[in-house]
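Trainee: Could you take me through this structure one feature at a time, with the general idea before the particular case?

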Amino acid sequence: MTPISRRQFVQSSSALSLAMATAGLPHTASAQEKTVVLRLSSSHVADLNSSHFAWSQLMQANLKKAVGEQIRIDYFPNNQLGKESDVVQQVKVGSIDMMLTGSSIWATVTPQLGMLDLGYVFDSYEHAARALDSGVGGKLNDMLVKSTGCQVITWGAHYGARNVYTKQPVKSLADVKNVKLRVLPTPAFIETFKIMGAIPTPISFGELYMAAQTGVVDGFEHDAATVLASKLNEVVKYCWMTEHLFSPMVCVAGKRAMDKIPATLRPAFLKAAADSTLQQREIGTQKGLQAIEELKKLGIVFTPMAKSERDFVRKEMETRLWSGFAKQYPETGPLFAAITAARA
């Protein structure tokens, strides 16, 4: 991925700092207008190493600049509104307005979205952004709307690729064989790690720290910034840099939530979301690299995946996983082709 300039990074970080400062100010509305309040749920902690939190702060600042006090987003981090699988259902029925999460959890209700979490589909977050912004994201959103009534507000990025973190050293496909790794409860994650030889163990994110601490799992896969923000470095010692997944961060809103927003304000709302995503993507690469350096200082040992093993696994994924997925969900076939065409 192409690193951003120091000036861009400073500007983006300043935007985040400004957003944090303004987000805590009291919200007031004039007597003539009623503030639309939207509840936004996240499983991440309220920390700028969290891509969820950073995006929410940018969104609040951009939205306030665009529409003043006419729309307010109240952010609920750290599973305060429930674990992700439950929040999905609550967004569908409208008891929670929006959710920031990885795309994978929405594959539990719209399975076609699971294609985004198949191993080695994307080469980088730049690749993911090109594919999603050029039509793949829109087609997947159409499928989500059709099956749930909910819609994608934006496709963002997490901070860095997902890698494998373990309590004992893992440096190769031979080492990962039969290692119990926490994964999200979706077929894409489960099948990816079966092919790699591990024992995928579905556990919700909120239960991960305890599961790793008590030995229910031997490790997990995630991005470095989330590991740092959630202090998961306290329960693992090693990272095998598989870079198997550049998982999109997605903000999904329910139909009732969108209906709350006056039609005249919806374009400004969606533009604020898009602007926030562009800002968040800008700093994502640097945040991911910074998180890795911080984890190294905290004692995590990083080992790159050998290129020969990466090439072998990617071919296995393409042959055994991607093609099978496209056969099961034929409407995703053209999307896999579009993702391939978007490679640099």
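The dialogue below takes up cysteines, nonpolar cores and salt bridges in turn.

Mentor: Please keep in mind throughout that this is a predicted model.

Trainee: How many disulfides does the count come to?

Mentor: In general, a disulfide is a covalent bond between the sulfur atoms of two cysteines. Here the count comes to zero disulfides.

Trainee: Which residues touch the most other members of the largest nonpolar core?

Mentor: The general idea is that, in soluble globular proteins, nonpolar side chains tend to be buried together. In this model the largest nonpolar core has 61 residues, and those touching the most other members are Trp106, Met115, Leu118 and Leu140. Helix H4, covering residues 125-148, gives the most to this core, with eight residues. If we set aside neighbours within four places in sequence, tryptophan 106 is in contact with residues that include Val88, Met99, Leu144, Cys150 and Val252. Another core, of 25 residues, lies apart from the largest one, and among its members are Ala54, Phe220, Ile292 and Leu295.

Trainee: How many salt bridges does a search of the whole structure find, and where in the chain are glutamate 221 and arginine 162?

Mentor: The search finds 14 salt bridges. In one of them, the side chains of glutamate 221 and arginine 162 meet at 2.7 Å, N to O. This pair links distant parts of the chain, since glutamate 221 is in strand S8 (residues 219-223) and arginine 162 is in strand S5 (residues 162-166), 59 residues apart. Both glutamate 221 and arginine 162 are buried.

Trainee: What separates aspartate 275 and lysine 271 in helix H10?

Mentor: Aspartate 275 and lysine 271 are four residues apart in helix H10 (residues 266-297), and therefore about one helical turn separates them. Their side chains meet in a salt bridge at 2.8 Å, N to O. Aspartate 275 is partly exposed, at 28% relative accessibility, whereas lysine 271 is exposed, with a relative accessible area of 52%.

Conventions
Residues are numbered from 1 along each chain as its sequence is written. This is a predicted model: local features need pLDDT of at least 70, side-chain atom pairs count only at pLDDT 80 or more; totals for chains, interfaces and linings use all residues. Side-chain values use heavy atoms; hydrogens and water are left out. A disulfide is a pair of cysteine sulfur atoms within 2.5 Å. A nonpolar core is a set of buried Ala, Val, Leu, Ile, Met, Phe, Trp, Tyr and Cys residues joined through side-chain atoms within 4.5 Å. Buried means under 20% relative accessible area, exposed over 50%, partly exposed in between (1.4 Å probe, protein chains only). Helices (H or I, at least four residues) and strands (E, at least two) are DSSP runs, numbered from the N terminus. Contact means heavy atoms within 4.5 Å. A salt bridge is a side-chain nitrogen of Lys or Arg within 4 Å of a carboxyl oxygen of Asp or Glu.
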